[in-house]
Amino acid sequence: MTWRQMTRKRPANDLNHLTFGPSRGTQSPQMAPFAPLPRSRPELMLYSATINVMVKAARRAGRSLKRDLGEIEHLQVSLKGPANFVSLADKRAEEILYQDLAKARPGYGFIGEEGGMREGSDKSHTWIVDPLDGTTNFLHGIPQFAISIGLAREGTVIAGVIYNPANDELYIAERGKGAFLNDQRLRVAGRRQLNECVVACGLPHIGRGDHEEFRREMTAIQDRVAGLRRFGAASLDLAFVAAGRLDGYWERNLQSWDIAAGMLMVREAGGTVSDINTPGDALVTGDVVCGNEYVHGELVRILRK
Ligand code: IPD
Ligand code: CA
Ligand code: CA
């Protein structure tokens, strides 16, 4: 059953009465990949109450992950290895997120990677949560991992927060209100020539996905782009596209908690996101491709061959 099937319809207006302040302008589409984003004065941003709830929960779970990351660095040297500890770290983070979100919004449903679906009395709202996206990176002390929180209303994602506690980068998006990184408004990169673009992908893990298909796709894209990357945290791949650091990204076989917040982030930054094979909803199929409208179109053309 998909997360979409798990929610029943009921009208709601949770965000409509809330204000959202002006941004500090638009990030240049020509900005070099990985250039530090300029910081704006935080007091200029006024986030909705829902976003504040999500940010508070993400920061608290982030502190827990950061503490556990410190432990991992010690565990690296032990023979047993840190794998079991990591599965505790993401369970702990998910429980913090559940407690905080449920306290602030009693009744909302909750889908978490670790605990699955927890039904709520409010059938229109569902949190879609990955408490630790980029587990393999975390396990190896690579600081590319994040907490990803999406909020769906009537089956549409209306708010997203992605937080990397390792570098304190906080991405926020709200439907119709834009996407932000640490209070700086985001805009997807403007490049139109694929041979100038840096594109990220996801690699299927051992025993999962279609490895042959991936190799075909990788070869086809590799031949046409300036650079191909594999970072290992789908939520941050999408956030990087929103921030204009990456020009595009594709990956198959993802779950709703990997991409709910990130897909909204890309759209709110002016990008295009779709399923790889059809114009349909990647949140349901798990096969996602994105970029600005030109890069998205080019990637789709290559991947659908
Ligand atoms: C994984 C990451 C990775 C993607 C995997 C996901 P996890 O999530 O997002 O980048 O390639 O397919 O499952 O397991 O680290 O939460
Ligand atoms: Ca994940
Ligand atoms: Ca995870």
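**Exercise 1. Find how far apart the calcium ion (ligand 2) and the calcium ion (ligand 3) are, and which residue coordinates both.**

Step 1. The two ions, ligand 2 and ligand 3, sit 3.8 Å apart, and Asp-130 coordinates both.

Step 2. Now take ligand 2 by itself: Asp-130 (OD), Asp-133 (OD) and Asp-258 (OD) coordinate this calcium ion at 2.1 to 2.4 Å. Donors here are N, O and S atoms within 2.8 Å of the metal (3.2 Å for Na, K and Ca); water is not among the atoms, so sites may look incomplete.

Step 3. Along the chain, the donors of ligand 2 have the spacing D-x2-D-x124-D. Distant parts of the chain are linked in this way: Asp-130 belongs to strand β3 (residues 122–133) and Asp-258 to helix α6 (residues 256–268), 128 residues apart. Helices (H or I, at least four residues) and strands (E, at least two) are DSSP runs, numbered from the N terminus.

Step 4. Check the accessibility: Asp-130 is buried at 1% relative accessible area, and Asp-258 is buried at 9%. Buried means under 20% relative accessible area, exposed over 50%, and partly exposed in between (1.4 Å probe, protein chains only).

A note before you go on: this is a predicted model, in which local features need pLDDT of at least 70, side-chain atom pairs count only at pLDDT 80 or more, and totals for chains, interfaces and linings use all residues. Residues are numbered from 1 along each chain as its sequence is written, chains are lettered from A and ligands numbered from 1 in the order in which they are written, and side-chain values use heavy atoms, with hydrogens and water left out.

**Exercise 2. Find the separation of Glu-298 and Arg-301 along helix α8.**

Step 1. The closest N and O atoms of this salt bridge are 2.9 Å apart.

Step 2. Both residues lie in helix α8 (residues 293–303), 3 residues apart, or about one helical turn.

Step 3. Glu-298 is partly exposed at 27%, and Arg-301 is partly exposed at 41%.

Methods:
A salt bridge is a side-chain nitrogen of Lys or Arg within 4 Å of a carboxyl oxygen of Asp or Glu.
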